[in-house]
Amino acid sequence: KALDKAPDTETKAFFMRQMKLAGTEKAVVSVAYYLSNSELCEPATFVLTSVNSEAAKNELLKALPKAEGNALITITQALGELQVKASNGQLLKNISSENQNLKKVSLAAVAAIGAAESYQPLLGVAQKAGFVYEPSNATSAFVTYAQRLGETGDLKLCSNACDEIFKACVSPAQLHTKASALAVYNNFFEKEAQPKLLKAYDNSDKAFRVAVLNLVGKS
């Protein structure tokens with residue numbers, strides 16, 4: 001009631017910050033209206049993310065096609081955090097955006113959702129980035145995606161993703177990525193991981209060898 005009666009955006013934002021802490025399902029309808037407001041989209045999104053119900057996810061999903069600018073970035077980030085699979089197709093459209101902030105959050109969101117349809121698009125962006133770390137975090141997103149595939153039980157695609165990284169990452173600048181992929185592979189394929197870890201240890205880079213040894217210790 002106080003939110004509806006508040007006379008200005010600053011006061012409305014204050015009440016939304018309180019609902020982020022104490023909001024329940026009843027808050028969903030109250031704040032969803034403000035997703036189209038450029039100044040109040042962010043606090044409204046935080047409330048919906050905190051409530052984390054099907055109704056909250058649906059409101060974010062409905063707002064996505066109309067969102068622009070910072071509101072699009074905010075809603076994209078929330079959909080990824082809540083792993084809303086129904087949003088994946090729309091989010092994939094932005095993983096190659098010229099807007100670096102939108103590209104970065106879209107890649108992270110798609111990776112967190114972990115849908116099978118995202119495999120080739122995410123792989124393509126990571127390959128274009130050369131499997132090294134750059135502003136969009138495309139490589140990190142692909143590693144996260146591999147982890148999510150394992151967590152959701154899609155072990156074949158998880159293995160394929162790791163193998164793509166193993167094959168591509170041979171230069172010193174790519175070893176950090178390879179170590180991350182080895183960690184993912186070791187989480188889900190312990191028996192098969194041992195030969196890969198032993199082979200990877202035969203490397204002149206000391207930091208990489210230490211990372212491999214740590215993984216062997218966890219196997």
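1. Let me start with helix H10, which is mostly covered: 10 of its 14 residues are buried. Buried here means under 20% relative accessible area, exposed means over 50%, and partly exposed lies in between, with a 1.4 Å probe and protein chains only. The buried residues of H10 are Ala138, Thr139, Ala141, Phe142, Val143, Tyr145, Ala146, Arg148, Leu149 and Gly150. Their cover includes helix H8 (100–113), helix H9 (119–128), helix H11 (155–168) and helix H12 (175–188), where contact means heavy atoms within 4.5 Å.

2. A word on what you are looking at: this is a predicted model, in which local features need pLDDT of at least 70 and side-chain atom pairs count only at pLDDT 80 or more, while totals for chains, interfaces and linings use all residues. Residues are numbered from 1 along each chain as its sequence is written, and side-chain values use heavy atoms, with hydrogens and water left out.

3. For the overall picture, the chain has 14 helices and zero strands. Helices are DSSP runs of H or I with at least four residues, strands are runs of E with at least two, and both are numbered from the N terminus. The C-alpha trace spans about 65 × 35 × 30 Å along its principal axes. Of the 219 residues in the chain, 47% are buried. Among contacts between residues at least 6 apart in sequence, 55% join residues at least 24 apart.

4. Back to H10 for its geometry. It covers residues 138–151 and reaches 20 Å from its first C-alpha to its last, close to the 20 Å expected at 1.5 Å a residue; the expected span is 1.5 Å times one less than the number of residues. Just after H10, Gly153 takes a positive phi of about 90°.

5. H11 can be read in a similar way. Its end C-alpha atoms are 20 Å apart, which agrees with the 20 Å that its 14 residues should span at 1.5 Å a residue. Leu157, Cys158, Ser159, Ala161, Cys162, Ile165 and Phe166 are buried in H11. The buried residues of H11 pack against H9, H10, H12 and helix H13 (190–201).

6. How do H6 and H8 lie relative to each other, roughly parallel or roughly antiparallel? The axes of helix H6 (residues 69–81) and H8 come within 8 Å and cross at roughly 15°. Axes are lines fitted to C-alpha atoms, for helices over the stretch in contact, and angles run from 0 to 180 degrees between N-to-C directions. H6 and H8 are therefore roughly parallel, given that angles under 35 degrees count as roughly parallel, over 145 as roughly antiparallel, 65 to 115 as roughly perpendicular and the rest as oblique. On the H6 side the contact is made by Leu72, Ile73, Thr76, Leu79 and Gly80, and on the H8 side by Asn101, Leu102, Val105, Ser106, Ala109, Ala112 and Ile113. By class, this contact has eight nonpolar, four polar and no charged residues. In this scheme Ala, Val, Leu, Ile, Met, Phe, Trp, Tyr, Cys and Pro are nonpolar, Asp, Glu, Lys and Arg are charged, and the others, Gly among them, are polar.

7. H6 also meets helix H4 (residues 41–51), with axes that come within 9 Å and cross at roughly 10°. That makes H4 roughly parallel to H6. Cys41, Glu42, Thr45 and Thr49 in H4 meet Ala71, Thr74, Ile75, Ala78 and Glu81 in H6. The contact of H4 with H6 divides into four nonpolar, three polar and two charged residues.

8. Two residues have contacts worth a look, leaving aside neighbours within four places in sequence. Ser87, in the loop between H6 and helix H7 (88–92), is buried at a relative accessible area of 0% and is in contact with Leu61, Leu64, Leu79 and Ile113. Lys57, in helix H5 (residues 54–63), counts as buried at 18% relative accessibility. Lys57 is in contact with Asn52, Leu79, Leu82 and Val84.

9. Finally, please check two backbone angles. Most residues other than glycine have a negative phi. Gln83, however, has a positive phi near 55°; it is in the loop between H6 and H7 and is partly exposed, at 36%. Phe131 has a positive phi of about 55°; this residue is in the loop between H9 and H10 and is buried, at 3%.
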